Amino acid sequence: MIEMTAIPPISLQNYRIAAIIPCHNEELTIAKVVSQFQTFLPEAAIYVYNNRSSDDTVTEALKAGAIVRQEIQPGKGNVVRRMFADIEADIYILIDGDDTYEIAAVRRLIERMLREQLDMVVGARREAVKSSQAYRRGHRAGNLFLTGFVKFLFGARLIDMLSGYRVFSRRFVKSFPALSNGFE
């Protein structure tokens, strides 16, 4: 009989961790996202990068305790490029501010990246929201097609290729050639 032992959790106390959240008009959800990071990953610095919001995203993020910065060039690509350039950390958690991801899973994602010496781990949207607000019309079918295509071509183990929930190593962030301006 083989005895199975639990793998002890990795201590994160010696890592600089940054939760980076690009936002455009996320006033209704950003405080909850920030609060969940404070609960599930209190050692992380939480950055909200506002990208030309016309609502109270900034006010809500500040009230929740986030470090708020502005990116005036429109588009998620511009925001991600700015975050990658501005923030110094060992581990980066990129997540959308729309509360469609399971932040409680963040430690498992980080531990997988560290244990397997990966540069990126992708988290999927919560099942409860996959059929509702997580996808605009046509996006679910497009995501299924693209994810299936990449699985077929490369053998990738993905279930949500277009996910905005990713954990990155410093090596990836500081060497990634972020060339796009928008979502692409």
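Visitor: Which residues touch the most other members of the largest nonpolar core?
Guide: Ile21, Phe37, Leu41 and Ile93, out of 28 residues in that core. A nonpolar core here is a set of buried Ala, Val, Leu, Ile, Met, Phe, Trp, Tyr and Cys residues joined through side-chain atoms within 4.5 Å. Buried means under 20% relative accessible area, exposed over 50%, and partly exposed in between, with a 1.4 Å probe and protein chains only. This is a predicted model, in which local features need pLDDT of at least 70 and side-chain atom pairs count only at pLDDT 80 or more, while totals for chains, interfaces and linings use all residues. Residues are numbered from 1 along each chain as its sequence is written, and side-chain values use heavy atoms, with hydrogens and water left out.

Visitor: Which elements supply at least two residues of this core?
Guide: S1, H1, S2, H2, S4, H4 and strand S6 (165-169) each do. Helices (H or I, at least four residues) and strands (E, at least two) are DSSP runs, numbered from the N terminus.

Visitor: What is Ile93 in contact with?
Guide: Leaving aside neighbours within four places in sequence, Ile93 is in contact with Ile17, Ala18, Ala19, Ile20, Phe37, Leu41, Val106, Ile110, Tyr165, Arg166 and Val167. Contact means heavy atoms within 4.5 Å. Apart from this core lies another, of 15 residues, among them Val79, Met83, Tyr92 and Phe172.

Visitor: Back to Phe37's helix. Which residues of H1 are buried?
Guide: H1 covers residues 30-40, and Ile30, Val33, Val34, Gln36 and Phe37 are buried in it. They are on the same side of H1, because they cover an arc of only 160° around the axis. The arc is that of the directions from the helix axis to the C-beta atoms.

Visitor: And what do they pack against?
Guide: Strand S1 (17-23), strand S2 (44-50), helix H2 (57-64), strand S4 (91-94) and helix H4 (106-115).

Visitor: What about H2, which residues are buried there?
Guide: Thr57, Ala61 and Ala64. Down the axis of H2 they fall within an arc of 65°, so they line one face of the helix. The buried residues of H2 pack against S1, H1, S2 and strand S3 (67-70). Just after H2, Gly65 takes a positive phi of about 105°.

Visitor: New topic. In what order do the strands of the sheet run?
Guide: The sheet is open, with six strands in the order S3-S2-S1-S4-S6-S5 and mixed pairing. S3 and strand S5 (120-123) stand at the edges with a single partner strand each, so one side of each has no neighbour in the sheet. Two strands pair if DSSP finds at least two bridges between them.

Visitor: S2 and S3, parallel or antiparallel?
Guide: Parallel, joined by four bridges. Val48 stands opposite Val68 in S3.

Visitor: Which helix lies across S1, S2, S3, S4 and S6?
Guide: Helix H3 (residues 76-86), running at about 155° to S1. Axes are lines fitted to C-alpha atoms, for helices over the stretch in contact, and angles run from 0 to 180 degrees between N-to-C directions.

Visitor: How many residues of S6 are buried?
Guide: Five of the five, so S6 is largely enclosed by the rest of the structure. Tyr165, Val167 and Ser169 point one way, and Arg166 and Phe168 the other way. S6 is joined to S4 by four bridges, antiparallel, and S5 and S6 also pair in the antiparallel sense over four bridges. Ile91 has Ser169 as its bridge partner in S6, and Met120 stands opposite Phe168.

Visitor: What sort of aromatic pair do Phe84 and Phe168 form?
Guide: An edge-to-face one, 5.5 Å centre to centre with 80° between the planes. Phe84 lies in helix H3 and Phe168 in strand S6, so the pair ties together parts 84 residues apart in sequence. Rings of Phe, Tyr and Trp (its six-membered ring) pair if their centres lie within 6.5 Å; planes under 30 degrees apart count as stacked, over 60 as edge-to-face and the rest as tilted.

Visitor: Is Phe84 itself buried or exposed?
Guide: Buried, at 6% relative accessibility. Phe168 is buried too, at 4%, whereas Phe176 is partly exposed at 41%.

Visitor: Which residues do the ring pairs link into a cluster?
Guide: Phe84, Tyr92, Phe168, Phe172 and Phe176.
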